[in-house]
Amino acid sequence: MEMNYAFVFVLTVAGFLVLYFGGAWMGHRLTQLAKGKVIDSRPLKIKQQKREIVFSLISIVMFGLITLFTVYLINHGILHVTWTFNWWKLPIEIIALFLWNEIHFYLCHRLLHTKWLYKHVHYLHHQSVTPTSYSTYSFHFAEALLLGSVMTTALILYSFSFLSLLTLPLMSMILNVLGHYNFDLFPERTMRSLLSFTRRHSYHHSKNTGNYGFFLPYFDLLFSTHIQEKERKLS
């Protein structure tokens, strides 16, 4: 099945716009309705959210472009997508994509914290010292292309079904919003708990190093890149 490039680009951009602004609204509502506590109480920088939205819109365009590249590879038989699927196979593929998203993010994030890439690329995301729900896609365009390659690289490894691939940006967006919205739903949990991922990523923003993982803490624990609660310093 050959996909139309213009249609795919418009659909991708529109889909990420819905996810981005819907996710930001979700994060805002959670801070109003849920029990928990604010992680970093420092005020936001002047015009921070406006800047985050502008750079997030640029990132969304980059996501559209990398999707076009992926579609080009599929149309030319270099990558393969399964257009039919089995219901029993779907949850297995979704779990596999979730795990690949974790591995891909950790590797990319460690790379982005190397000296040159941090100075010229990743610094932009860390301008949000106190993160917000709008920080989610606030990237340099090069970082957006790098992180946006998660689906393309997954297809290099395996021919996933089209339906399971559609779940990847949704679950990634939900976790991204919860990782940036600066509100801890489970403050009684230790830093090693799965449910403390919001606190772990908020600490990463305040310390500018460590806690490179996405949702799972295991890669940081394995490679000794985790931040201990006592090490956290507000900059």
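Phenylalanine 141 counts as partly exposed because its relative accessibility is 45%, where buried means under 20% relative accessible area, exposed over 50%, and partly exposed in between (1.4 Å probe, protein chains only). The model is predicted, so local features need pLDDT of at least 70 and side-chain atom pairs count only at pLDDT 80 or more, while totals for chains, interfaces and linings use all residues. Residues are numbered from 1 along each chain as its sequence is written, and side-chain values use heavy atoms, with hydrogens and water left out.

Phenylalanine 141 sits in helix α5; helices (H or I, at least four residues) and strands (E, at least two) are DSSP runs, numbered from the N terminus. Together with Val54, Ile58 and Leu145, Phe141 forms a nonpolar patch on the surface, with about 320 Å² of accessible area in total. Patch members have over 30% relative accessible area and no salt bridge; like charges are joined within 9 Å, and nonpolar side chains (Val, Leu, Ile, Met, Phe, Trp, Tyr) within 5 Å. The areas come from the Shrake-Rupley method with a 1.4 Å probe, and for residues only the protein chains shown count as cover. Two helices, α2 (48-75) and α5 (141-147), each supply at least two residues of this patch.

The largest pocket has a volume of about 970 Å³. Of its 46 lining residues, Thr12, Phe16, Thr67, Met151 and Pro169 are the closest to the centre. A pocket is an open set of points on a 1 Å grid over the protein atoms alone, where a 1.4 Å probe fits and protein lies on both sides within 12 Å along at least five of seven lines; lining residues have an atom within 4 Å of a point. Grid points are joined across faces, edges and corners, and the volume is the space filled by probe spheres set on the points. Helix α7 gives the most to this lining, with 10 residues. Among the other helices that each supply at least two residues are α1 (5-33), α3 (90-112) and α6 (150-157). The lining divides into 28 nonpolar, 17 polar and 1 charged residues, with Ala, Val, Leu, Ile, Met, Phe, Trp, Tyr, Cys and Pro taken as nonpolar, Asp, Glu, Lys and Arg as charged, and the others, Gly among them, as polar.

The second largest pocket holds about 300 Å³ of space. Thr31, Gln49, Thr132, Ser133 and Tyr181 are the closest to its centre among 18 lining residues. Here α1 provides the largest share, 5 residues, and the lining divides into 8 nonpolar, 8 polar and 2 charged.

Two salt bridges are found in the whole structure, a salt bridge being a side-chain nitrogen of Lys or Arg within 4 Å of a carboxyl oxygen of Asp or Glu. Aspartate 40 pairs with arginine 42, the closest N and O atoms being 2.5 Å apart. Arginine 199 pairs with aspartate 184, at 2.6 Å between the closest N and O atoms. Because arginine 199 lies in helix α8 and aspartate 184 in strand β2 (residues 183-184), this pair ties together parts that are 15 residues apart in sequence. Arginine 199 is buried at 5% relative accessible area, and aspartate 184 is buried at 2%.

Backbone angles mark two further residues. Lysine 47 is not a glycine, yet has a positive phi of about 60°; lysine 47 lies in the loop between β1 (37-38) and α2 and is exposed at 61% relative accessibility. Asparagine 211, also not a glycine, has a positive phi of about 50°, but is buried at 2% relative accessibility.
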